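Reader: I would like to learn how to read a model of this kind, feature by feature. Where should I begin?

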Amino acid sequence: MPKSERHNKIIELINSYSIETQEDLTEHLKKSGFEVTQATVSRDIKALKLVKVASADESGTRIGYKYAQNSRNDAGAPLNEKFANLLKDVIVSSDHAGNLAVFKTYSGMANAAAAAIDAMHNSSIVGSVAGDDTVLCVLRTEEKAAEFSELIGKTISE
């Protein structure tokens, strides 16, 4: 199977399960029909820029660490809390097509969202255009559009 399918499955798995080790991830992939080695999984973790984050049980008690997607922007800096809060308040949904990222907002809020996105100074963004309830961002590559759309999607769902 292509690497992109495996990468998509890894993201699905870490979002669905509390995966603590490369061995756990390897086993989950094998159960999903992917023939992988621990070395391949290690390279995939690096390529996907996965990080270990604290995990907690239902009561909120910390129980260990698990793999997660890195929530840092293109320049490696965390999303500014002020921008993240504004985006959470105004963006309703996030999607992408080709090298475009599209964000639906509440009516009249697209300009605020576009201004916050522009203020992030993400070098992958060529530019953005705001309508009444939609922001269109042009990114340098399809991959960057997908990553940015996912980053904003995760930010607004937190």
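Author: Begin with the order of the elements. From the N terminus on, they run α-α-α-β-β-α-β-β-α-β-β-α. That comes to six helices and six strands. Keep in mind that this is a predicted model.

Reader: What does the C-alpha trace of the chain span along its principal axes?

Author: The trace spans about 50 × 40 × 25 Å. The chain exposes about 9,100 Å², and carbon and sulfur atoms supply 49% of that area.

Reader: How many of the residues are buried, as a percentage of the chain?

Author: Of the 158 residues, 34% are buried. As for contacts, take those with a separation of 6 or more: residues 24 or more positions apart account for 50% of them.

Reader: Which residues touch the most other members of the largest nonpolar core?

Author: To read a core, look for buried nonpolar residues joined through side-chain atoms. Here the largest such core has 21 residues, and Leu87, Phe103 and Phe148 touch the most other members. At least two residues of this core come from each of helix H4 (81-90), strand S4 (100-105), helix H5 (110-119), strand S6 and helix H6 (142-157). There is also a second, separate core of 13 residues, which includes Ile14, Ile19, Leu29 and Phe34.

Reader: What does Phe148 touch, leaving out residues up to four places away in sequence?

Author: Phe148 touches Ala101, Phe103, Ile117, Met120, Asn122, Ile125, Cys137 and Leu139. One of these, Asn122, has a polar side chain worth a separate look.

Reader: Is Asn122 buried or exposed?

Author: The cut-off to apply is that buried means under 20% relative accessible area. Asn122 has 8%, so this residue is buried. Asn122 is found in the loop between H5 and S5. The side chain of Asn122 reaches the backbone nitrogen of Ser124 at 2.8 Å.

Reader: Now the charged side chains. How many salt bridges are there?

Author: Side chains of opposite charge can pair when their charged atoms come close. In this model the count comes to four salt bridges. One of them joins the side chains of Arg6 and Asp44, at 2.5 Å from N to O. Arg6 lies in helix H1 (residues 3-16) and Asp44 in helix H3, so this pair ties together parts that are 38 residues apart in sequence.

Reader: Are Arg6 and Asp44 buried or exposed?

Author: Arg6 has a relative accessibility of 13% and therefore counts as buried. Asp44 is buried as well, with a relative accessible area of 3%.

Reader: Which residue forms a salt bridge with Lys104?

Author: The partner of Lys104 is Asp133, and the closest N and O atoms are 3.8 Å apart. Lys104 belongs to strand S4 and Asp133 to the loop between S5 and S6, so the bridge ties together parts that are 29 residues apart in sequence. Lys104 counts as partly exposed at 35% relative accessibility, and Asp133 counts as partly exposed at 30%.

Reader: How should I read the salt bridge between Lys144 and Glu147?

Author: Check the spacing along the helix. The side chains of Lys144 and Glu147 meet at 3.7 Å, N to O. Because these residues are three apart in helix H6, about one helical turn separates them. Lys144 is partly exposed, with a relative accessible area of 25%. Glu147 is also partly exposed, with 39%.

Reader: What about the nonpolar surface patch; which residues make it?

Author: For a patch, look for nonpolar side chains that keep some accessible area and lie within 5 Å of one another. The patch here is made by Val126, Val129, Leu136 and Val138, and covers about 300 Å². Strand S5 (125-130) and strand S6 (134-139) are the elements that give two or more residues to this patch. Leu136 lies in strand S6 and is partly exposed, with a relative accessible area of 30%.

Reader: Finally, how far apart are Ser42 and Ala68 in sequence and in space?

Author: Ser42 and Ala68 are 26 residues apart in sequence and 14 Å apart in space, C-alpha to C-alpha. Ser42 lies in helix H3 (residues 38-48), where its 28% relative accessibility makes Ser42 count as partly exposed.

Terms used:
Residues are numbered from 1 along each chain as its sequence is written. This is a predicted model: local features need pLDDT of at least 70, side-chain atom pairs count only at pLDDT 80 or more; totals for chains, interfaces and linings use all residues. Side-chain values use heavy atoms; hydrogens and water are left out. Patches are made of residues with over 30% relative accessible area and no salt bridge: like charges are joined within 9 Å, nonpolar side chains (Val, Leu, Ile, Met, Phe, Trp, Tyr) within 5 Å. Accessible areas come from the Shrake-Rupley method with a 1.4 Å probe; for residues, only the protein chains shown count as cover. Helices (H or I, at least four residues) and strands (E, at least two) are DSSP runs, numbered from the N terminus. Buried means under 20% relative accessible area, exposed over 50%, partly exposed in between (1.4 Å probe, protein chains only). A nonpolar core is a set of buried Ala, Val, Leu, Ile, Met, Phe, Trp, Tyr and Cys residues joined through side-chain atoms within 4.5 Å. Contact means heavy atoms within 4.5 Å. A polar contact is a pair of N or O atoms within 3.5 Å; within protein, one must be able to donate a hydrogen and the other to accept it, and residues adjacent in sequence count only if both atoms are side-chain atoms.
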